[in-house]
Protein chains: 4
Amino acid sequence: MKANYIGDFQEWAKDFAFFIEVRVRFSETDMYGHMNNTVSFTFFEQARIDYFRHLGVLMPSAIDENVAEIPIVADLQCDYVKQVFFDDVLRIYAKIAKVGNSSMDIHYLAKNQHDEVCFTGRGTVVQMDPRTGKSVPLSEEAKTQLASLVFL
Amino acid sequence: MKANYIGDFQEWAKDFAFFIEVRVRFSETDMYGHMNNTVSFTFFEQARIDYFRHLGVLMPSAIDENVAEIPIVADLQCDYVKQVFFDDVLRIYAKIAKVGNSSMDIHYLAKNQHDEVCFTGRGTVVQMDPRTGKSVPLSEEAKTQLASLVFL
Amino acid sequence: MKANYIGDFQEWAKDFAFFIEVRVRFSETDMYGHMNNTVSFTFFEQARIDYFRHLGVLMPSAIDENVAEIPIVADLQCDYVKQVFFDDVLRIYAKIAKVGNSSMDIHYLAKNQHDEVCFTGRGTVVQMDPRTGKSVPLSEEAKTQLASLVFL
Amino acid sequence: MKANYIGDFQEWAKDFAFFIEVRVRFSETDMYGHMNNTVSFTFFEQARIDYFRHLGVLMPSAIDENVAEIPIVADLQCDYVKQVFFDDVLRIYAKIAKVGNSSMDIHYLAKNQHDEVCFTGRGTVVQMDPRTGKSVPLSEEAKTQLASLVFL
C-alpha cells in the first residue's frame, strides 16, 4: 500500500535533509494506547513552519491590515506505516517536492528512535493575500531558491 | 477532598441553570482509556462562551484595531471527581458566581449521562482592551444584569 | 484543483446520506483567525465513528486481551476549499466509497451553515487484530452490508 | 491577584530546579493571536511526567491486568500572568510542594525566553489502582525520597 506520491521509496526517502525532533506527549495518545492519528498533522505543521523559517520564506505572522501574504494549506495527507507510542521520539523530515507559481508541494517523513518509518505525508501550501483571499505569486527570487531544493 | 470554591455542594449545584451538552470524542481520550484531563478546560471554554452568548455579554470576536474589549481568562481550575470515557455525554453547567468591576467569576459543573458529577471547576474572566492589555470596567448595565444572576 | 478521489463533484456529493453536526470551538481556531487545519481530521474521526455506530460495524472499544479486532486508520487526506471560522456549524458527511477484504474507503464532505463546501476528504480504515498487528478480514455479512451502501 | 498557593513569590519561585523546554506551536494559538489557555495544562502534564521520570517514580504505562498503580490527576489550576505567543520558548518548571499518603502536590511555573513569568499552576496527583479505582499508598521509600525534595 505505498502512497501515490512516492515513487521509489529509497530514492524518495534519501532526499530529505531537514528535520525536527518531537516527543509524543501523553495527551497525544488515545484509548487504543498509541498516538492518535490526528496528531501527525500537528507534527507536519510544526516541521513545515520550521523548514520555512530555516529557508527564510513564508513565515507565519499575525494578520493585520499590512500583511499582504500568508501561507495557507490547500491539502494534506498522511499514510500510517507503523504505530507510534507515548514518549517515542520522532524525526519529522520535510522537503520541497515541487514549486508552482504561488504554491509548493511539501513532503513529510516520520521516523522513530529505532529509525523505523512510522508515517509519511504530503501537502500543498499556497501563498495567499488574507485581505482578498486570492493566491499571490511567489517572487522570482523565492521560486529560484525553492526550486533549487527540489530533487528530481 | 471538596474544592475550596464550593461551600455546601447541594446548594452550590442547584444554582446552575445554563448548560451545554458535549459528547467525548475518541481523540479526547488518552492511553489510560479515559478522557484526558486537559480536555475539561476545552469544555469549560465552550460552556463559558455559549453562556456569554446566551446572556448577550462578552462575546469573542476577531481582534482588529476597532475592538476595544475582549474577555480574557485570568485563571482556571478543575477538580476531577469521576472518570469520563469515550462517548460519554456530558452536561457542562456554567454560572456566574461573582461580579467585579472588570471581571467575573464563573463556576462549572460537569455531569455525565447517569447524572453523576464528573468534575467541577471555576475561573475568573477579565474584560481587557487588546490594544493596551489593560482591564476595562464592565458597563453599569452589564454589572447589574450579571449581578442579578448571582445566587447567594 | 479538484481532489483526485472525486470524479464528478455533483455526483460524488449527492451520494452522501449520513452526517454529523459540529460547531467549531474557540480552541480550534488559530492565530490566522480561522479553524486550524489539523481540526478537520478530528471531525472526520468523529463522523467515521458515528457512521460505523449507525451501521453497527467496527465500533471502537477499550483494548483488552479479549478484543480481536479494532478499526485502524491506514491513511487520511483532506482538501481545503473554503475557510472555516469560530462558531461555524459544519455538517460532516461520511460515506463508504469502497469495500475491500479487510478494509474500507471512507469519503468525507464538510459544509457550513450556508451550505458551502468547506473541505472534503477520504481515508482507508483497516480492521486489525490488536494482539498481532495483522489485518482481519471483514465478515461476509459485514462485507455484503457495507458493499450495498457503495454508490457506483 | 496572586494565586492562593503561592506565599512569597520570590521564595516560591526560587525552589524550582527541574524544568522542560517547550516551543509554542502554531496549532496551539487561537484567534486572539496568542496561546489558547487550555494549552498550559498540556505543558503541565508533560513537565509532570518528565519530572516523575527524572525522579524514577509514578511513570505512566499502558494499563493491563498486571498494572497495580497509575498516577491520576485529582485537580489542576493555572493562573495566567502574561500572554504567550506562537514560537515563544517556555521553560515549564515543576516541583513537589507536599507529599501525602497516596498523593503529591505539584507546583508549576512557566517563564518565556525573556525570563518573564507567563503562568503558574498547581495540582494534586494521586496514585491509584486502575483495577479498583482506589488510591494506593506511596511506598515508604518513595515518600521519603519525595519528601526530601519539598522546600519549606
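Predicted model: local features only at pLDDT ≥ 70, side-chain atom pairs only at ≥ 80, totals over all residues.
Chain B superposes on chain C by a rotation of 180 degrees with 0.0 Å of shift along its axis (RMSD 0.0 Å). Residues are numbered from 1 along each chain as its sequence is written, while chains are lettered from A and ligands numbered from 1 in the order in which they are written.

**Chains B and C**

- B:Val22 is the residue of chain B that comes closest to the rotation axis, at 5.1 Å (C-alpha).
- The contact takes 11 residues from chain B and 11 residues from chain C; contact means C-beta atoms, placed from the backbone, within 7 Å.
- On the side of chain B that touches chain C, five residues are nonpolar, four polar and two charged.
- Here Ala, Val, Leu, Ile, Met, Phe, Trp, Tyr, Cys and Pro count as nonpolar, Asp, Glu, Lys and Arg as charged, and the others, Gly among them, as polar.
- The copies meet through the same surface, because 100% of the interface residues of chain B are also interface residues in chain C.

**Chains A and C**

- A rotation of 180 degrees with 0.0 Å of shift along its axis puts chain C on chain A (RMSD 0.0 Å).
- The two copies are thus related as by a two-fold rotation axis.
- Of the residues of chain C, C:Gln77 comes closest to that axis, at 2.0 Å (C-alpha).
- This contact takes 20 residues from chain C and 20 residues from chain A.
- Strand 2 of chain C gives the largest share of the side that touches chain A, nine residues.
- By class, that side of chain C has 12 nonpolar, five polar and three charged residues.
- Strand 2 (residues 70-80) of chain A runs antiparallel to strand 2 of chain C, joined by five bridges.
- Strands are DSSP runs (E, at least two residues), numbered from the N terminus, and two pair if DSSP finds at least two bridges between them.
- A:Gln77 has C:Gln77 as its bridge partner in strand 2 of chain C.

**Nonpolar cores**

- A nonpolar core is a set of buried Ala, Val, Leu, Ile, Met, Phe, Trp, Tyr and Cys residues joined through C-beta atoms within 7 Å.
- Buried means 20 or more other C-beta atoms within 10 Å of the residue's own, all placed from the backbone.
- The largest core has 74 residues; among those that touch the most other members are B:Tyr108 and D:Tyr108.
- Another core, of 73 residues, lies apart from it and includes A:Leu90 and C:Phe43.

Conventions: Contact = placed C-beta atoms within 7 Å. Least-squares fit on C-alpha atoms with pLDDT ≥ 70 in both. Buried ≥ 20, exposed ≤ 12 C-beta atoms within 10 Å, placed from the backbone. Helix = DSSP H or I, 4+ residues; strand = E, 2+ residues; numbered from the N terminus.
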